[in-house]
Amino acid sequence: MELASTRIPDYLICMRKEGQDKGEADFRDGLRFLKRHRPDLAVRSFRASVAACPASCSAELSARLYWLTVALFRLDQSDLALKSLASAQKLRPRGWARDMYRRWINDYGMPRRVTPELDDFYAFYSIHIGAYLGRKERPRFDSVNEKDAVMRIVLDSWLALSRSGRLACLGTGDKLRLLKDWRVPFPSFGLGAGDCSPIVQVDFRAQRKLNGDDRCNCGSGLPYRQCCGRTSSLRELSCE
Ligand SMILES: [Zn+2]
């Protein structure tokens with residue numbers, strides 16, 4: 001991944017109001033830590049600067065999220081970095097964050113893998129493990145045995161789907177529907193009686209269900225499946 005230089009962009013300097021430090025000191029600390037090759041400390045400072053930035057300053061917030069992305073990436077936390085970048089690009093669709101995001105993601109809004117088959121597999125895996133854990137009171141595995149058993153079931157289901165040949169020749173929107181609808185026979189251990197129905201996203205203005213290939217209704221210009229409807233990895237969901 002290409003990273004921009006650590007120089008503070010001019011537009012940020014001129015938009016700052018004198019005497020108002022809304023996390024600006026933390027932001028500068030973050031840049032300094034990055035220069036000193038301390039991404040761990042940079043992440044902490046950038047997170048504080050993001051938390052302090054008013055949502056109305058979208059360009060500034062986008063820049064801070066962008067640099068948080070850079071620091072997380074250097075810490076090798078690429079899943080969390082992508083989550084931060086996804087937010088940054090929504091706030092400033094014509095900035096660096098959008099360019100980097102488009103280079104980095106696949107059609108599911110996840111980190112691009114070496115083959116399209118692996119992209120499909122990781123989407124399937126994250127969707128179903130996430131769904132399993134989402135039905136528990138606490139979204140985590142309680143034991144190594146539970147984790148092993150659930151992962152084996154998901155892998156077996158993936159093999160069945162992959163061998164069925166049903167993914168061939170489908171566009172990503174249709175593939176995503178099939179991945180989500182594929183029945184994975186989880187046992188009931190550890191699951192509460194909670195509602196496990198999938199959340200249906202709706203475009204309220206058009207009064208219809210939002211599909212993955214539709215333009216996202218946040219106005220980013222990206223397909224919904226690559227923007228607000230992107231598939232989160234397990235690390236983003238804090239499941240691993
Ligand atoms: Zn969106």
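Guide: The model is predicted: local features need pLDDT of at least 70 and side-chain atom pairs count only at pLDDT 80 or more, whereas totals for chains, interfaces and linings use all residues. Residues are numbered from 1 along each chain as its sequence is written, and side-chain values use heavy atoms, with hydrogens and water left out.

Visitor: Which helices and strands does the protein have, and in what pattern?

Guide: The protein has nine helices and two strands, in the pattern α-α-α-α-α-α-α-α-α-β-β along the sequence. Helices (H or I, at least four residues) and strands (E, at least two) are DSSP runs, numbered from the N terminus.

Visitor: Why is the pair of Tyr-66 and Trp-67 called edge-to-face?

Guide: Rings of Phe, Tyr and Trp (its six-membered ring) pair if their centres lie within 6.5 Å; planes under 30 degrees apart count as stacked, over 60 as edge-to-face and the rest as tilted. A search of the whole structure finds 10 aromatic pairs. In the pair of Tyr-66 and Trp-67 the ring centres are 5.3 Å apart and the planes stand at 90°, so the pair is edge-to-face.

Visitor: What makes the pair of Tyr-132 and Phe-141 stacked?

Guide: The centres of these two rings, Tyr-132 and Phe-141, are 6.2 Å apart and their planes are at 20°, so the pair is stacked.

Visitor: How do you know whether Tyr-66, Trp-67, Tyr-132 and Phe-141 are buried or exposed?

Guide: Buried means under 20% relative accessible area, exposed over 50%, and partly exposed in between (1.4 Å probe, protein chains only). Tyr-66, at 3%, counts as buried, and Trp-67, at 0%, is buried as well. Tyr-132 has 0% and is buried; Phe-141 has 14%, and therefore counts as buried. Across the protein, buried residues make up 45% of the 240 residues.

Visitor: What makes the arrangement around the zinc ion tetrahedral?

Guide: Donors are N, O and S atoms within 2.8 Å of the metal (3.2 Å for Na, K and Ca); water is not among the atoms, so sites may look incomplete. The zinc ion is coordinated by the SG atoms of Cys-216, Cys-218, Cys-227 and Cys-228, at 2.2 to 2.3 Å. Four donors count as tetrahedral if all angles lie between 85 and 135 degrees. The four donor atoms around the zinc ion subtend angles of 101 to 117°, and the arrangement is therefore tetrahedral.

Visitor: How are the donor residues spaced in sequence, and what does the pair of Cys-218 and Cys-228 tie together?

Guide: The spacing of the donor residues is C-x1-C-x8-C-C. Cys-218 and Cys-228 both lie in the segment after strand E2 (208-209), so the pair ties together parts that are 10 residues apart in sequence. Cys-218 is partly exposed at 38%, and Cys-228 is partly exposed at 38%. By contrast, Cys-216 is buried at 5%, and Cys-227 is buried at 2%.

Visitor: How many disulfides are found in the whole structure?

Guide: A disulfide is a pair of cysteine sulfur atoms within 2.5 Å. The search finds zero disulfides.

Visitor: Why is Asp-76 called exposed, and where is it found?

Guide: Asp-76 has 64% relative accessibility, and therefore counts as exposed. Asp-76 is found in the loop between helix H4 (58-74) and helix H5 (78-91), and has a positive phi of about 75° although it is not a glycine.

Visitor: Why is Cys-169 called exposed?

Guide: The relative accessible area of Cys-169 is 86%, so Cys-169 is exposed. Its place is in the loop between helix H8 (144-164) and helix H9 (172-181), and its phi is near 70°, a positive value in a residue other than glycine.

Visitor: With which residues is Ser-126 in contact, leaving aside its neighbours within four places in sequence?

Guide: Contact means heavy atoms within 4.5 Å. With those neighbours left aside, Ser-126 is in contact with Met-110, Thr-231, Ser-232, Ser-233 and Leu-234. Ser-126 lies in helix H7 (residues 116-134) and, at 6% relative accessibility, counts as buried.

Note on methods: Tetrahedral: all angles 85-135°; square planar, octahedral: opposite > 155°, others 65-115°.
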